[in-house]
Amino acid sequence: MNDIIARFQLDRPGFQLDVDLVLPGRGVTALFGTSGSGKTSLLRCIAGLERALNGLLSVSGEVWQDKSIWLAPHRRPMGYVFQEASLFAHLSVMGNLQYGIKRAKSDQPVNFEHIVGLLGIEHLLQRQPQKLSGGERQRVAIARALLIHPKILLMDEPLAALDAQRKQDIFPYLERLRDELAIPILYVSHDHHEVARLADHLVVLEAGRVISNSPLTVAMAQPDQRFQRDEDIGSVLDGQVSEIDRRWHLARLDFPDGGLWMRDHGLPVGKKVRLLILARDVSLARHPPEQSSIQNSLQGRITAILDDTHPGLALVQVSVGASLLLARLTRRAAATLNLQIGDNVWVQVKSVALI
Amino acid sequence: MMFLTDGDLQALMLSLELASSVTAILLLIGTPIAWWLAHSRAWWKVLISVTVAMPLVLPPSVLGFYLLIAMGPQGPLGVLTHALGIAPLPFSFAGLLVASVLYALPFMVQPLQNAFEALGDQPLEVAATLRASPWDAFFTVVLPLTWPAFLTAITLCFAHTVGEFGVVLMIGGNLPGITRVASLQIFDHVEALEYAEANHLALTLLLFSFLVLLWVYARQPARQQGGTS
């Protein structure tokens with residue numbers, strides 16, 4: 001029973017939160033929504049910074065809140081990364097890191113070097129927080145949260161206060177966390193690029209309620225205007241580099257039950273990658289395509305035909321084994337081919353992006 | 001001839017003793033009041049705020065008068081001290097202390113309240129997520145981040161108590177060695193037409209006040225804004 005069970009009701013003037021969630025006990029779960037959707041309130045309830053009525057919260061089998069139990073925030077074995085400005089101004093970077101370590105009294109040895117290295121802040125330890133850039137501060141804040149051996153890492157839009165360049169700078173660190181940490185991460189965001197890139201699981205909130213709770217690959221293949229913008233509708237696949245074609249400068253990327261060729265970006269064989277395949281770059285055919293410039297062609301089965309943003313368009317969801325792809329077609333094309341749910345089709349992929 | 005007479009020194013020492021005691025007591029009771037005022041959302045918080053601020057605008061004789069009545073044999077404080085078997089408060093050092101604590105209360109509470117409000121909740125929340133209990137967070141985060149306000153409050157309380165006149169006259173009478181503080185001693189010198197002696201003691205207090213305020217004002221720019229970055 002390593003899942004996270006979270007049930008909260010909050011009643012604030014002009015805002016209500018009412019959620020009942022089971023979340024995976026590993027990987028990155030994104031809590032996505034616009035401002036006012038309740039995503040930060042939910043995170044604060046989990047942290048105990050907000051006290052919800054009728055709450056139930058269990059993390060990895062430990063109850064933090066129910067009818068008779070309420071752990072104060074400082075008794076919850078969590079790490080929390082705030083949106084901005086959370087380093088103590090009266091302490092150096094080292095003092096900030098030590099603040100949590102001293103109080104956590106963990107029975108595990110603190111792997112100080114490893115975490116400091118993971119976030120690349122070795123050279124900042126003697127500095128004062130005021131002398132750091134926004135990105136550096138957030139990296140220190142993340143390290144500080146990790147050094148207390150949390151059972152869960154809660155991140156409240158940790159990149160929101162950073163400009164585009166700083167976000168790009170800090171992203172590789174977040175991806176390393178995702179790949180190296182054994183603990184679940186709850187990641188609040190309103191940026192679907194961030195979510196598509198980082199998350200394994202996606203919860204979409206709207207007006208204090210959960211409107212979707214599913215693995216990211218599934219969520220992306222069931223497009224929802226509340227999550228994705230029109231142009232960005234596409235599916236996400238997790239795969240790895242399996243082969244390099246040196247002659248044509250191509251790399252083969254395998255994902256569950258399929259594979260695609262794309263330009264060789266110099267990634268080594270075996271490297272794990274996440275692919276974004278935009279629905280507009282996918283076309284469908286009844287017969288195996290011959291003499292097409294599109295080299296990536298897969299066999300699949302139609303699992304759903306969904307409305308698109310424009311009445312002339314349709315989004316066709318196709319399963320290639322265990323993987324889901326989306327194709328954006330005109331309604332007329334779908335009718336001409338007489339596409340029906342359950343039909344076998346050939347999926348042609350014109351372009352793949354690594355995210 | 002000495003610059004100050006024995007009576008002057010005795011009065012000065014009494015003033016310093018009173019001011020130190022008042023400041024210490026106010027640190028203990030003013031800090032929680034300021035904390036509560038900075039964090040409470042109760043509607044009647046404004047009533048407490050106003051009550052605390054009253055000594056700023058009231059004539060000291062008004063406050064002194066009502067305190068004297070309250071401390072008298074029929075007053076609530078008088079009944080209480082009698083029931084507890086404590087000596088009556090009027091015309092005693094203890095009575096002076098009680099009156100002075102009330103009179104200096106806003107000078108302790110207001111700077112602290114402002115500092116706590118400016119600090120906000122976030123440093124406390126951050127501390128809680130790093131396993132610090134509320135008490136722990138107060139001493140390891142709030143105090144280090146608001147100590148300039150504490151210094152200001154302590155200094156103002158101390159200086160204000162030394163400079164008190166009306167309230168101590170009403171409550172303390174003017175008993176040498178017991179309630180005759182420096183400000184009253186000056187008054188006595190003037191009444192006795194001892195202008196030279198009055199000048200010496202008055203000059204001492206003037207310099208003292210000037211230096212204290214200079215120290216507080218000179219420190220102002222060093223104040224920190226906010227607690228986290």
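## Strand 17 of chain A and its partners

Strand 17 of chain A and strand 18 (residues 323-330) of chain A run antiparallel and are joined by 8 bridges; strands here are DSSP runs of E with at least two residues, helices are runs of H or I with at least four, and both are numbered from the N terminus. Two strands count as paired if DSSP finds at least two bridges between them. The model is a predicted one, in which local features need pLDDT of at least 70 and side-chain atom pairs count only at pLDDT 80 or more, while totals for chains, interfaces and linings use all residues. Residues are numbered from 1 along each chain as its sequence is written, and chains are lettered from A and ligands numbered from 1 in the order in which they are written.

Between strand 17 and strand 18 of chain A lie 2 residues, and the two strands form a hairpin. Gly321(A), in the turn, has a positive phi of about 60 degrees. On the other pairing, strand 16 (residues 296-307) of chain A is antiparallel to strand 17 of chain A, with 6 bridges; these two also form a hairpin, with 5 residues between them. Val316(A) in strand 17 stands opposite Ile305(A), and its bridge partner in strand 18 is Ala327(A). Strand 17 (residues 313-320) of chain A is mostly covered, with 6 of its 8 residues buried. A residue is buried if 20 or more other C-beta atoms lie within 10 Å of its own, exposed if 12 or fewer, and partly exposed in between, with C-beta atoms placed from the backbone.

## Five-stranded sheet

An open sheet of 5 strands in chain A has the order 13-12-11-14-20, with antiparallel pairing. Strand 13 (258-263) and strand 20 (353-354) of chain A are the edges; each has a single partner strand, so one side of each is without a neighbour in the sheet. Strand 11 (residues 234-245) and strand 14 (residues 272-278) of chain A are joined by 7 bridges. Gln240(A) stands opposite Lys272(A) of strand 14.

## Nonpolar core

The largest nonpolar core has 149 residues, and those touching the most other members are Ala30(A), Leu31(A), Ala143(A), Leu154(A), Tyr187(A), Leu325(A) and Ala327(A). Helix 5 of chain B gives the most to this core, 13 residues. Domain 1 (4-220) and domain 2 (234-354) of chain A each supply at least three residues to this core. Such a core is a set of buried Ala, Val, Leu, Ile, Met, Phe, Trp, Tyr and Cys residues joined through C-beta atoms within 7 Å.

Leaving out residues up to four places away in sequence, Leu154(A) touches Leu43(A), Ile46(A), Ala47(A), Met78(A), Gly79(A), Tyr80(A) and Leu186(A). Contact means that C-beta atoms, placed from the backbone, lie within 7 Å.

## Domains of chain A

Chain A is assigned domain 1 (4-220) and domain 2 (234-354), with bounds from an automatic or database domain assignment. Their C-alpha centres lie 34 Å apart. The contact takes 6 residues from domain 1 and 8 residues from domain 2. On the domain 1 side, helix 6 (192-198) and helix 7 (216-220) of chain A give two or more residues, and helix 7 has the largest share, 4 residues.

Ser60(A) has a positive phi of about 50 degrees although it is not a glycine. Ser60(A) lies in the loop between strand 4 (53-59) and strand 5 (62-65) of chain A and counts as partly exposed, with 15 C-beta neighbours inside 10 Å.

Phe91(B), also not a glycine, has a positive phi of about 60 degrees. The loop that holds Phe91(B) runs between helix 4 (76-83) and helix 5 (93-119) of chain B. Phe91(B) counts as partly exposed, with 17 C-beta neighbours inside 10 Å.

Methods: Contact = placed C-beta atoms within 7 Å.
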